[in-house]
Amino acid sequence: EEGFRGFVSLECPTKVETSAGAMRSIVRMAEYAFEIAVNREECSAVKIAVKATTSMVRAEITLDGIADLFRSVEDEVRWNIFRAFCHLAGGETEIVLAFQRGNATILRASFSSRTKGQRRK
């Protein structure tokens, strides 16, 4: 996006075992976060981290410089739609404000890892 002058970082294992719904949810969360970032000049960085263990997959997106995620009603509605999508995929979501590291908003989504024998839908 031409208007975004910040940094983007991505940390993700090469193989993540979880459901297709969880994967789609993580991508949708990243799309939501990038849309917020490119439309706000105060956002200086977008950091995406996906961590996987044998029991859980967690996606965490940090928007540096964003202290108020819900600047408009549309932003809040879109977050709630995303949360519903995550919950339908079996996940949990949360928003954390990280003032100790400078103004930042952290979006998190957690999902159970797929067990052996479970197929992607």
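User: Which element supplies the largest share of the lining of the largest pocket?

Analyst: That's α1, with 4 residues. Bear in mind that this is a predicted model, where local features need pLDDT of at least 70, side-chain atom pairs count only at pLDDT 80 or more, and totals for chains, interfaces and linings use all residues. Residues are numbered from 1 along each chain as its sequence is written, and side-chain values use heavy atoms, with hydrogens and water left out.

User: What makes a residue part of the lining, and which residues line the largest pocket?

Analyst: A pocket is an open set of points on a 1 Å grid over the protein atoms alone, where a 1.4 Å probe fits, with protein on both sides within 12 Å along at least five of seven lines; lining residues have an atom within 4 Å of a point. Here they are L10, C12, V16, T18, M23, I26, V27, A30, I48, V50 and I61.

User: Which residues of α2 are called buried?

Analyst: D75, W79, F82 and C86; buried means under 20% relative accessible area, exposed over 50%, partly exposed in between (1.4 Å probe, protein chains only). Seen down the axis of α2, these buried residues fall within an arc of 60 degrees (taken from the directions from the axis to the C-beta atoms), so they line one face. On the other side, V73, E74, I81 and L88 are exposed.

Note on methods. Helix = DSSP H or I, 4+ residues; strand = E, 2+ residues; numbered from the N terminus.
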